[in-house]
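Trainee: I would like to learn how to read helix packing and cores in a model. Can you take me through one?

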Amino acid sequence: MNNLIIAGKEFSSRLFLGTGKFGSNELMRNSVIASGTEMVTVALKRVDVWKEDDDLLLHLQLPTINLLPNTSGVRNAKEAVLAAQMAREALQTNWLKLEIHPDPRYLLPDPIETLKATEELVKLGFIVLPYINADPVLCKKLEDVGTAAVMPLGSPIGSNNGIQTRAMLEIIIEQSNVPVIVDAGIGAPSHAAFAMELGADAVLVNTAVAIAGNPVAMAEAFKLAVMSGRMAFENKLVTSVNVARASSPFDLSLLDIN
Amino acid sequence: MLKHSFSKIFNQYSWEEVCNRIFHSTEEDVNRALNKNSKLSPEDFIALISPAAKNHLPEMINKSYSLTRKRFGNTMQMYIPMYLSNECNNVCTYCGFSFGNKLPRITLTDDEILNEIAVIKAMGYEHILLVTGEDNLKVGVDYIAHAIEIIRPHFSHISLEVQPMEKDEYEKLIPFGLNTVLVYQETYHELNYKTYHPKGKKSNFNFRLETADRLGEAGIHKIGLGVLLGLEDWRADSFFTALHLQYLNKTYWQTKYSVSFPRLRPAEGAFKPKDPMSEKDLLQLICAFRIFDENVELSLSTRESPTFRDKIFELGITSMSAGSKTDPGGYAGNKHALEQFHISDERTPSEVAEVIRSRGYEVVWKDWDAVMQ
């Protein structure tokens with residue numbers, strides 16, 4: 001399998017894991033390990049970034065893990081930029097998962113504020129991964145202002161409804177020059193595998209692992225599903241979308257050219 | 001002048017008719033509400049709180065439990081109240097702080113607030129709820145703004161439960177770091193509201209009813225709703241709370257909402273609730289709110305007993321208090337003031353947290369950051 005490259009950084013795992021909703025920080029840590037992920041998101045509002053012994057952050061001190069702070073809770077670009085600057089200063093990373101959802105119920109991202117904040121944050125030297133609706137035009141505009149990746153949703157966050165935005169995701173994947181990470185709505189390993197088969201560069205999973213009967217085993221199930229979906233994609237999966245190629249090479253000489 | 005007002009919707013309903021519908025709900029209504037895949041209507045909520053739903057409590061519990069886990073994960077948030085003052089100019093026939101009650105009136109000074117902060121911080125809290133009685137001279141908006149200024153550096157999340165204010169007063173307080181305001185209607189029974197609140201600014205039913213609208217327009221992050229359960233028919237009052245919640249969700253879509261369940265407990269004056277609510281009733285109500293709205297935060301305070309709280313906290317509740325004192329200065333050991341209501345769960349925060357953890361839940365002390373607003 002090819003490595004995933006975002007902003008020049010290589011990842012051998014294509015599974016990102018969220019750290020919310022776990023029954024304990026220890027369970028979260030063990031799930032992170034079992035998932036093989038190299039990138040975990042952390043909600044800034046959940047941690048005390050200035051406290052050296054913040055329990056959640058302590059549990060994420062693993063050599064292979066990169067922290068991706070997220071701005072969940074902010075409602076506009078201005079608040080997001082302030083939160084991002086605090087994250088960079090305190091956590092010593094310029095990577096940021098930009099989440100701007102003024103709607104606190106479905107946590108749907110605000111496209112206008114997200115574009116504005118991405119542009120500003122890129123200028124300030126951040127590596128921005130914005131959480132967005134599956135909107136192909138927005139993806140291209142984000143690319144124009146220097147986004148490092150795009151993170152379109154498969155279905156509303158926490159819904160476990162799977163890849164409901166398939167038609168839009170296919171266009172986004174087709175057109176994108178930056179990695180496409182399908183975020184939100186992935187409720188089962190089969191959903192993750194499906195997103196990877198479509199050609200997503202990575203997926204982000206949280207609820208489906210955190211509240212599973214056995215989160216650690218579920219984390220491993222997702223790890224395998226993501227690998228299997230990616231292998232299928234890289235090896236030219238035969239899907240209903242692609243026209244099937246004949247199983248043996250066609251001999252042109254058989255044709256009557258006249 | 002407000003752009004929107006809940007009173008327009010509220011006035012379309014009659015209390016008697018709502019009661020009638022609640023008590024005539026059938027098993028079929030309950031089944032329909034429970035099996036619905038789309039969003040529930042206030043009519044469905046009526047079925048879920050009706051006596052007919054009592055036999056369906058196990059199904060309600062299952063549904064409420066799984067919706068809560070899906071939305072909020074295996075976590076429980078913790079908050080604690082800090083009483084700043086028991087000064088009050090209102091006469092509320094059920095309340096320990098009522099104007100006529102002879103008790104020492106105390107309003108905390110800066111130093112006393114700092115003493116309280118030290119004790120509360122040592123318990124591990126990051127989310128604090130500031131409470132006062134209603135006295136616009138002694139604990140008006142300026143006092144509260146000043147108190148928030150002192151408290152903000154020490155806590156990640158600040159809520160307020162004080163007299164209803166004007167929109168511009170809320171707009172003034174929000175930049176100081178105010179995140180959430182709780183305003184309980186006490187009862188939506190307009191006529192009897194006046195007999196429970198005969199004197200003081202609180203006797204104005206409509207001003208209180210429109211508080212959430214003023215908060216919504218001011219752009220507050222979270223609004224807490226509730227009624228004093230038992231004051232009037234708890235089912236009808238809860239229906240109006242749900243109706244209010246639904247209206248607010250649609251009108252102020254950027255605001256979060258929470259519902260609390262203050263069940264009447266003995267206060268000074270030995271007030272007898274008109275419609276006493278049992279623990280089983282309360283559980284039914286909590287499940288009904290969760291099934292009605294999977295995103296609403298549901299809160300359970302130390303008014304309830306340890307046994308009850310331990311039994312039901314995972315069935316729909318998302319935030320709990322522990323170690324609470326309901327008298328100003330109570331944490332730092334001030335024994336002069338009288339408490340507003342009696343605390344039933346007197347365990348320490350770490351004892352309660354330990355029970356929550358032992359059941360497989362992460363105890364969340366911090367879920368907000370000053371940088372977010």
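**Reading a predicted model**

Mentor: Start at the end of a helix. Just after α1(A), A:Gly36 takes a positive phi of about 70°. Keep in mind that this model is predicted.

Trainee: Which residues of α1(A) are buried?

Mentor: Helix α1 covers residues 25–35 of chain A. Its buried residues are A:Leu27, A:Met28, A:Arg29, A:Ser31, A:Val32, A:Ala34 and A:Ser35. An α-helix has 3.6 residues a turn, so residues three or four places apart point the same way.

Trainee: What covers the buried residues of α1(A)?

Mentor: The cover includes two strands, β3 (15–18) and β4 (39–43) of chain A. It also includes the helices α8 and α9 (215–234) of that chain.

Trainee: Now chain B. Why is α4(B) described as largely enclosed?

Mentor: Count the buried residues. Six of the eight residues of α4(B) are buried, so the rest of the structure largely encloses this helix. The six are B:Asp44, B:Phe45, B:Ile46, B:Ala47, B:Leu48 and B:Ile49. They pack against α2 (15–23), α3 (27–35), α5, α12 and α13 of chain B.

Trainee: How do I describe one such helix pair?

Mentor: Two packed helices are described by the angle between their axes and the distance between the axes. Take α4 (residues 42–49) and α12 (residues 234–251) of chain B. Their axes come within 10 Å and cross at roughly 150°. Angles over 145 degrees count as roughly antiparallel, so α4(B) is roughly antiparallel to α12(B). The crossing is right-handed.

Trainee: Which residues make the contact of α4(B) with α12(B)?

Mentor: From α4(B) come B:Pro42, B:Phe45, B:Ile46 and B:Ile49. From α12(B) come B:Arg235, B:Ser238, B:Phe239, B:Ala242, B:Leu243 and B:Gln246. By class, the residues of this contact are seven nonpolar, two polar and one charged.

Trainee: At what angle do α5(B) and α13(B) cross?

Mentor: Roughly 50°, with the axes coming within 9 Å. That makes α5(B) oblique to α13(B). The crossing is left-handed. Here α5 spans residues 57–72 and α13 spans residues 279–292 of chain B.

Trainee: Which residues of α5(B) and α13(B) meet?

Mentor: On α5(B), they are B:Leu57, B:Met60, B:Ile61, B:Lys63, B:Ser64, B:Leu67 and B:Thr68. On α13(B), they are B:Gln284, B:Cys287, B:Ala288, B:Arg290 and B:Ile291. This contact divides into seven nonpolar, three polar and two charged residues.

Trainee: Next, cores. How many residues does the largest nonpolar core have?

Mentor: In soluble globular proteins, nonpolar side chains tend to be buried together. In this model the largest nonpolar core has 103 residues. Those with the most contacts inside it are B:Leu48, B:Ile128, B:Phe239 and B:Ala288. The largest share, nine residues, comes from α12(B). Apart from this core lies another, of 79 residues, among them A:Ala34, A:Phe194, A:Met196 and A:Ala202.

Trainee: What does B:Ile128 touch?

Mentor: Leave out residues up to four places away in sequence. Then B:Ile128 touches B:Tyr79, B:Ile80, B:Met82, B:Ile120, B:Ile151, B:Phe155 and B:Ile158.

Trainee: Last, the interface. How many residues of chain A are in contact with chain B?

Mentor: 25 residues of chain A are in contact with 22 residues of chain B. On the chain A side, α3 (77–91) and α8 (207–210) each supply at least two residues. The largest share of that side, four residues, comes from α3(A). By class, the chain A side divides into ten nonpolar, seven polar and eight charged residues.

How values were computed: Residues are numbered from 1 along each chain as its sequence is written. Chains are lettered from A and ligands numbered from 1 in the order in which they are written. This is a predicted model: local features need pLDDT of at least 70, side-chain atom pairs count only at pLDDT 80 or more; totals for chains, interfaces and linings use all residues. Axes are lines fitted to C-alpha atoms, for helices over the stretch in contact, and angles run from 0 to 180 degrees between N-to-C directions. Angles under 35 degrees count as roughly parallel, over 145 as roughly antiparallel, 65 to 115 as roughly perpendicular and the rest as oblique. A crossing is left-handed if the near helix is turned anticlockwise from the far one by less than a right angle, and right-handed if clockwise. Two residues are in contact if their C-beta atoms, placed from the backbone, lie within 7 Å. Ala, Val, Leu, Ile, Met, Phe, Trp, Tyr, Cys and Pro count as nonpolar, Asp, Glu, Lys and Arg as charged, and the others, Gly among them, as polar. A nonpolar core is a set of buried Ala, Val, Leu, Ile, Met, Phe, Trp, Tyr and Cys residues joined through C-beta atoms within 7 Å. A residue is buried if 20 or more other C-beta atoms lie within 10 Å of its own, exposed if 12 or fewer, and partly exposed in between; C-beta atoms are placed from the backbone.
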